[in-house]
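Here are some worked exercises to go through with the model open beside you. Try each task before you read its solution.

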Amino acid sequence: MSAGGTTTTSGGRVRRGSARLDTTLGWSPRFGPGLIARAVLCSIALFVFAAPFITTVAAAFDDNSRATEFGFWPRSPTLLNFEVAAEKGMWEYLVNSLVIAGGGLALQMCVSVFAAYALARRRFRGQAFVLLGFLLTMMLPEEVIAIPLSTVLSDLPVVGLSLRGTVLAVILPVGMWAFSIFVMTEFMKELPVEIEEAARLDGLGDLRMLLFIVLPLCRPALGVIGIFGFLMVWDQYLLPLIAANDQGDFTLPVALSILANDFTVGPGVVLAGSVVALVPSLTVYFCLQSSMVRGIAAGATKG
Amino acid sequence: MAWAFLTPALLLALYFKFIPMFEGMRLSLFDVQPFLGDIWVGLDNYAKVLTDERFLSALWHTVVLGCGQTIAAVLLGFGLALLLEGQARTLWFLRTAVFLPVVTAVAVVGELWRLLYQPTENGPINSLLSFVGLGPVPFLDSPHTALASIMVVGTWIGAPFNMLIILAGLTGVDRTLYEAAYIDGASVWQRLRYVALPALRPAITIVVTLAAIRSLRVFTEVYVITGGGPAGSTEVWMTRVFSLGFVSNDIGVGAAASVLLLAATLLLTLSVQYVSRRRARR
């Protein structure tokens with residue numbers, strides 16, 4: 001998270017009126033009422049945004065979670081909630097989720113890389129039309145097409161196959177994401193053409209050029225579309241819900257509501273499921289944070 | 001070559017975006033009966049949507065929720081950005097922690113808040129409220145407080161995202177302007193109002209647009225947290241569409257409502273574009 005990093009563009013040219021001009025509000029680094037006020041506000045912010053997570057984790061490990069209370073530590077630590085959740089099929093749901101997230105992300109990244117290379121390096125008839133099409137899919141909320149998509153999934157036009165109940169019913173629809181195509185395209189446009197021209201003289205074909213020359217240079221952009229793609233696929237809710245034949249096809253986030261509405265188990269069990277569903281997103285987030293900041297900043301300036 | 005590389009993306013877009021979109025428009029004009037054949041009904045489905053009381057109340061809830069959480073999340077995000085701006089290691093840590101709600105799957109956030117909103121006296125939030133002498137609030141259990149409770153969750157998810165975009169905008173503000181303002185004796189408030197805010201206008205436009213579009217199509221939070229209840233007090237446009245299309249199988253009417261939502265989204269996006277273009281030209 002370095003987006004807040006403020007660079008002093010003035011250098012030493014103008015006498016710096018102290019560090020107080022680094023931030024818009026002019027927070028002072030020296031001890032005083034200003035610093036205390038900032039520390040108090042920061043603690044409140046930290047509490048509001050992080051405490052719910054800690055409480056959830058604590059309650060998931062707590063035996064006595066029928067009486068869900070506020071706390072940062074389980075009063076009587078136990079793994080019971082996780083065991084009950086496992087009996088209710090939590091690991092099967094997690095496997096569904098991981099297969100879908102892995103497959104969907106791999107497909108999405110491949111599709112984006114190929115499409116972006118064509119858009120960034122070639123001029124061809126109908127390019128504007130293709131760009132417009134991709135832009136349109138970005139303006140089309142996925143919720144809007146939920147009902148017709150479910151009929152399409154159970155009977156693919158022309159091919160006549162039904163994907164319903166298979167992991168492909170979720171993987172294929174998330175395979176094309178205009179956001180990651182655009183991020184990739186913008187990045188590839190910035191790469192110097194000279195390297196490719198030299199490789200072209202050595203007789204490299206388009207596919208090998210992309211895989212061996214361009215792709216290794218794209219690692220920062222791959223990080224960006226990797227983290228956003230993963231979070232996007234993991235966050236899918238309506239799609240796995242309508243693509244499933246029965247509850248056995250659900251992903252973990254969708255299956256949480258089954259645990260929540262199961263009156264034979266306590267509220268601790270759904271929290272155990274939530275904690276398990278939380279782990280992959282947090283892992284990806286902490287590993288690829290800098291990519292994330294870059295991605296959002298890039299998206300923000302492009303509008 | 002170009003077309004070969006574009007084929008996967010175009011095929012997927014065709015099959016899972018464009019065909020469903022046109023299929024949805026087609027379905028919205030029919031009375032859809034599986035196995036019996038569809039009957040052409042013209043605009044009857046649209047008329048049904050626009051005169052259905054539950055749809056009208058869902059529309060009202062969507063607008064209230066959207067306006068409320070958009071305004072709250074933008075203001076809170078702006079405040080957080082001003083508070084957490086800076087290069088210190090502690091601030092970096094705080095930004096990382098505050099951003100957690102954005103990266104968490106919405107369904108998980110929903111379950112988290114269902115725990116926090118326990119209506120009993122020893123529920124997490126209620127036990128905090130009792131510290132300051134406020135009685136147990138029913139939160140999700142009462143039609144009077146349920147929508148506001150969902151609005152809080154939406155704000156909680158939206159504010160950190162807005163914070164990050166506004167922080168990126170703040171990085172772009174020329175620091176020499178702050179120095180100039182300081183030398184001219186401008187107060188902190190004046191610096192914020194006349195130097196930072198004008199520079200942040202593009203960032204704030206983006207943040208408001210994204211939040212407004214997101215709240216028009218809100219589904220997962222509401223579906224997970226209340227499912228539209230109690231007594232329909234939190235039913236929004238998409239939960240209504242979902243129950244028509246997938247529970248009561250009234251596919252034609254559901255499709256018509258979806259098309260209306262698409263129209264509203266496009267209208268909103270295009271009018272924001274138009275207004276910001278015009279302002280930029282001036």
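Before we start, a term: buried means under 20% relative accessible area, exposed means over 50%, and partly exposed is in between (1.4 Å probe, protein chains only). This is a predicted model, where local features need pLDDT of at least 70, side-chain atom pairs count only at pLDDT 80 or more, and totals for chains, interfaces and linings use all residues. Residues are numbered from 1 along each chain as its sequence is written, chains are lettered from A and ligands numbered from 1 in the order in which they are written, and side-chain values use heavy atoms, with hydrogens and water left out.

**Exercise 1. Describe chain B as a whole.**

Step 1: get the secondary structure. Helices (H or I, at least four residues) and strands (E, at least two) are DSSP runs, numbered from the N terminus. On that basis chain B has 13 helices and 2 strands.

Step 2: get the dimensions. Along the principal axes, the C-alpha atoms of chain B fill a box of roughly 80 × 65 × 35 Å.

Step 3: look at burial and surface. Of the 282 residues in chain B, 51% are buried. Its accessible surface is about 12700 Å² (Shrake-Rupley method, 1.4 Å probe; for residues, only the protein chains shown count as cover). Carbon and sulfur atoms account for 67% of that surface.

Step 4: check the contacts, meaning heavy atoms within 4.5 Å. Take those in chain B between residues at least 6 apart in sequence: 63% of them join residues at least 24 apart.

**Exercise 2. Work out what the contact between chain B and chain A is made of.**

Step 1: count residues. Chain B puts in 97 residues and chain A 110 residues.

Step 2: find the area. The size of an interface is often given as the accessible area lost when the parts come together. Here the buried area (accessible area, 1.4 Å probe, that two parts lose on being put together, summed over both) is about 9000 Å². Carbon and sulfur atoms give 76% of it.

Step 3: count the polar links. There are 6 residue pairs in polar contact between chain B and chain A, both residues at pLDDT 80 or more. A polar contact is a pair of N or O atoms within 3.5 Å; within protein, one must be able to donate a hydrogen and the other to accept it, and residues adjacent in sequence count only if both atoms are side-chain atoms.

Step 4: see which element of chain B does the most. Helix α1 (residues 2–27) gives the most to the side of chain B that touches chain A, with 19 residues.

Step 5: sort that side of chain B by residue type. It splits into 69 nonpolar (Ala, Val, Leu, Ile, Met, Phe, Trp, Tyr, Cys and Pro), 11 charged (Asp, Glu, Lys and Arg) and 17 polar (the others, Gly among them).

**Exercise 3. Track down the salt bridges.**

Step 1: apply the rule, a side-chain nitrogen of Lys or Arg within 4 Å of a carboxyl oxygen of Asp or Glu. That gives 10 salt bridges over all chains, and the count between chain B and chain A is 2.

Step 2: take one that crosses. Glu143(A) pairs with Arg217(B), with the closest N and O atoms 2.9 Å apart. Glu143(A) is in the loop between α4 (127–139) and α5 (146–154) of chain A, and Arg217(B) is in the loop between α10 (188–216) and α11 (220–225) of chain B. Glu143(A) is buried at 11%, while Arg217(B) is partly exposed at 21%.

Step 3: go inside chain B. Arg114(B) and Glu111(B) meet at 3.2 Å, N to O. Both lie in helix α6 (residues 106–116), 3 residues apart, about one turn of the helix. Arg114(B) is partly exposed at 25%, and Glu111(B) is buried at 3%.

Step 4: Arg214(B) bridges to Glu221(B) at 3.1 Å; Arg214(B) is partly exposed at 34%, and Glu221(B) is buried at 8%.

Step 5: look for a network. Arg122(A), Arg200(A) and Asp206(A) are linked in one.

**Exercise 4. Which non-glycine residue has a positive phi of about 50°, and which of about 55°?**

Step 1: recall the background. Most residues other than glycine have a negative phi.

Step 2: name them. Phe139(B) has the value of about 50°, and Ala231(B) has that of about 55°.

Step 3: Phe139(B) lies in the loop between α7 (124–131) and α8 (146–171) of chain B and is buried at 10%. Ala231(B) is in the loop between α11 and α12 (237–247) of chain B and is exposed at 76%.
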